[in-house]
Amino acid sequence: MSMPLAYRDVVVNGVRLAYMEREAVKGQDAPPILLLHALLATAETLTELIAGLSAGRRIVAISLLSAQPADRAKKLDVHQASLTGLIHDFMKSIGLVQPVLIGHSHGGVLALRLAATDPTALKGLVLMSPAHPFGGYRSRVVNFYLRQPGRMLALSIPLAPSWMILRAYNEAAGSKSRIRMRHLRPYLRVLRNRNTLRRVLEILKTWDEDMDGLREVLTKAAIAIPTLLIWGDEDPVVPIASAAELEEHLADSERLTLVGMGHLLAEEAPEECARSVREWLVRLDARD
């Protein structure tokens, strides 16, 4: 039987981070799992995925958008390098040793950077429809939201009715499984908050620069950490066609394609994703 999810927070290098944690069943000591959510999301959007993961592993999910400097006069650096450094130090602060890192969308690109810059910190890597620097992001779309009227449109989202937001999220989903209002509720905590939307716009402002830097890092040396790619074949945000170029920079990877699924895999196919991760982890553990 799985342990319940607990909500906690911790101050790391002067930054307060909120996270969810599920302890491993007593007596189990399999490598832990750390999850990183998508850009317009929270740790709670991964709840259904977490429910399907092994009870024998400690599981932690960070809510990165809620990160705040303990000193309110200071500003959080949202460059990818800074965020991955914060994640790395967070792992140390709560005793998370060599976890398997699961990253979805923006969480995927942060996972990629951490794996590229500090490979010994991780046991394995699971990338779910990850943003990445080899054709897996749309610079024109990103730049639209950094200028008027795109910025005004983004900051007006808190005023939009929930049904309209739900319809927009379903544009990112595939044809096989739709996003329901119960899936949307954790997202609304971000989308109804202008401060977190401003944080998202700050992240987008550094997007091209960060992606260029990560491209250089990955071009110099492929990631050797065992990696599982999970992709929906109808993903309109990070098209699956871009996966082949990313795989050229992953020395030890395998890919699972989910037919009829789009970009929001944690909501569209949580059971299928969890089952695939469990099976992959069994193979990964057997290699030791």
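R215 and D212 sit three residues apart in helix α9, residues 207–220, so about one helical turn separates them. Helices here are DSSP runs of H or I, at least four residues long, numbered from the N terminus. In general, an α-helix has 3.6 residues a turn, so residues three or four places apart point the same way. The side chains of R215 and D212 form a salt bridge, 2.8 Å from N to O; the term means a side-chain nitrogen of Lys or Arg within 4 Å of a carboxyl oxygen of Asp or Glu. R215 is partly exposed at 27% relative accessible area, and D212 is partly exposed at 36%. The cut-offs are under 20% for buried, over 50% for exposed and partly exposed in between, with a 1.4 Å probe and protein chains only.

This is a predicted model: local features need pLDDT of at least 70, side-chain atom pairs count only at pLDDT 80 or more, and totals for chains, interfaces and linings use all residues. Residues are numbered from 1 along each chain as its sequence is written, and side-chain values use heavy atoms, leaving out hydrogens and water.

The salt bridge count is 11. One of them pairs R189 with E44, at 2.0 Å from N to O. R189 lies in helix α7 and E44 in the loop between β3 and α1, so this pair ties together parts 145 residues apart in sequence. R189 is exposed, at 52% relative accessibility.

Now helix α3. Of its 12 residues, 10 are buried, so α3 is largely enclosed by the rest of the structure. Among the buried ones are H106, R113 and L114.

How values were computed. Helix = DSSP H or I, 4+ residues; strand = E, 2+ residues; numbered from the N terminus.
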